[in-house]
Amino acid sequence: ELMTGYTMLRNGGVGNGGQPWVLRWSSRIRLTWLSFTLFIILVFFPLIAHYYLTTIDDADDAGKRIFGPRTGNELCEVKHVQDLCRIRESVSEELLQLEAKRQELNSEIAKLNLKIEACKKSIENAKQDLLQLKNVISQTEHSYKELMAQNQPKLSLPIRLLPDKDDVTFPLPKSNRNCRLHNCFDYSRCPLTSGFPVYVYNSDDYPFGSSLDPLIKQAFEATVRTNVYVTENANIACVYIILVGEMQEPVMPKPTELEQQLHSLPYWRTDGHNHLIINLSRKSETQNFIYNISTGRAMIAQSTFYDVQYRPGFDIVVSPLVHAMSEPNFLEIPPQVPVKRKYLFSFQGEKIESLRSSLQEVRSFEEEIEGNAPADYDDRIITTLKAVQDSKLDFVLVEFTCKNQPKASLPTEWALCGERDDRLELLKLSTFALIITPGDTHLVISAGCAMRLFEALEVGAIPVVLGEQVQLPYNDVIRWNEAALIIPKPRITEVHFLLRSISDNDLLAMRRQGRFLWETYFSTSDNVFSTVLAIIRTRIQIPAAPIREETAVEIPHRSGKAAGTDPNMADNGDLDLGPVETEPPYASPKYLRNFTLTAMDIYRNWNSAPGPFHLFPYTPFDPVLPSEAKFLGSGTGFRPIGGGAGGSGKEFQAALGGNVPREQFTVVMLTYEREEVLMNSLERLNGLPYLNKVVVVWNSPKLPSEDLLWPDIGVPIMVVRTEKNSLNNRFLPWDEIETEAILSIDDDAHLRHDEIMFGFR
């Protein structure tokens, strides 16, 4: 029954006859009324309270106000509030005082900050003044040292070595074969400051002079007359030279006669020390007639040596004198390119006598050989080279028999075939030229091998020398591995592979080096004689004689035109060009490194096998090595500054502790009848730091205009007149040049100052 009643209530009525909508309507009325009542209470009650609070104090009776403000006296009438009032007044006064003190302190701080800034500025100014004073003091000290140095010599001459007239105290070596410079050369006759004087005997004054080859004799005499080291005063000579060959066969004196004539020379002094015996060969069949002559302590220079005869570091292997009285025709020399030629390699020769037969016949030579006879590789060489030729992998030409009568030669030596012109034509077609050394290993060099080497270098065929025991000409001062291949004979089967493996760049480099060696040391009699003297002089550490200066014939000119400032010169970037004030002209020190460079060159010669450039130390106006050449490049156009240490004058010298010499540079300007262009170029040099002077090389035979007004650029302008119109006049060592650094430039080359300074530094 309960469940039934509950169900009926949920259905909206009591029983089946109720009215459910009446109940729903009554419940909704109650909820709406309740919500409206809450809204009225929450909204209107705060509004009524606000209105009452804002209007209650508007009553006329001021004493009935409850929420209005009251006066201070009314509040102070309250006893417990009076203390608070006094505290407030006290605090207000203290706050006012503190605020006044704060403002006062702020003003004082501002004044102190101004004083600090002023002190900082004064300190910076004082530092700058101190730095300027230090610079002034340093420059003054430097100027004082320069003035003192100008009045005092940089070096004083050493105590001169005075040789004994008779040289009786000179120690004797145990054997002439052991002769070296330290025990067979008298250094007392060659002081460092002597200039290397050389005395040359006149061969006509002695009987053997009539046997000399006329062409060699004439060429030698012509060379001697023009050499700077030759002196006629035999008492001061360092080295004595006597020419003994090449001799003509029919009138050749006997060895004993030639030995007596040598020992009777007026300055032979019992053992021939400081003497040089020269035996030049013009032909490949030159005999080694000095082999059986006692030469004592004299040095020997020739093209043929046996190992028992050759003394390394003492004797000299020279090249043959092919062009005796005539200059080589450089127009007939083939070009260096193309690198590859028709034949990979070529060889022509005929071996007249084998090694075994020579050992059996030459009895005196057999006695000097220790142990068994060396192996003869010539048969293996012939077989291998013929096999390469028959393989036709490359074009090669090898001939081991001469079509005509072969030239005379020494035993076991490969004789030359044909005439010289025919041999040169074949070498012009050959990339490599084989040179087979004599089968006798005791023959370290022969005139025939030297002739083959000469001809190969002359026409640009790269020499391939079979036989590592060979002593090539000037071998102690020339790097022959840069111009030739020296291969042991046992490697003959690998020669073809080696030659094919060399690149074109390496071939061209070797050919160029060979051409340089031939032109510099082999081509003429002057080169051969100068090379021999240079080797001896370099061995005993004597500097080369300076190149004579060219006397500058000045052309008078008027100066006075003020040089303007080119706006293109103003933009120098971030580069500090130098001091604002132009330095006065300062000449570079002269002759300070002559002996140093010579000693260093000696060290390189005997310890690091220098190149041929180290053979002739020279300089345009200071004796230095070619590695410090003053000028760079050739032809026309701009060339950079060369020589010297560069830098920035006094500042650069001081920055490196004063160990670098102070530097300036000279401008050498070449011109030819372009006065306006020349004047503009000279004006551009105005204000250029570290400029010593300008040397204008006037190449025209026509003198400049008399009314031409030259610019005033702050340094001297020297106008030099030349004898002939030549672009090489820019390279002449004019005596007016006083600095090591030189800027060689044309009159139409326009350079900014920062570019010149960059090159100078």
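This is a predicted model: local features need pLDDT of at least 70, side-chain atom pairs count only at pLDDT 80 or more; totals for chains, interfaces and linings use all residues.

Residues are numbered from 1 along each chain as its sequence is written, and side-chain values use heavy atoms, with hydrogens and water left out.

The protein chain has 19 helices and 21 strands (DSSP runs, H or I of at least four residues for helices and E of at least two for strands, numbered from the N terminus). Of its 761 residues, 44% are buried (under 20% relative accessible area, 1.4 Å probe, protein chains only).

Now to the sheet: five strands line up as β15-β20-β18-β17-β21 in an open sheet with mixed pairing (two strands pair if DSSP finds at least two bridges between them). β15 and β21 stand at the edges with a single partner strand each, so one side of each has no neighbour in the sheet. β15 pairs with β20 in the antiparallel sense over two bridges, and E554 stands opposite V720 in β20.

| Element | Residues |
|---|---|
| Strand β15 | residues 553-554 |
| Strand β20 | residues 717-721 |
| Strand β21 | residues 741-746 |

Finally, the axes of helix α12 (residues 447-459) and helix α14 (residues 504-522) come within 8 Å and cross at roughly 120° (lines fitted to C-alpha atoms over the stretch in contact, with angles from 0 to 180 degrees between N-to-C directions). Their contact (heavy atoms within 4.5 Å) involves F454, L457 and E458 of α12 and G514, R515, W518 and F522 of α14.

Definitions and conventions. Buried means under 20% relative accessible area, exposed over 50%, partly exposed in between (1.4 Å probe, protein chains only).
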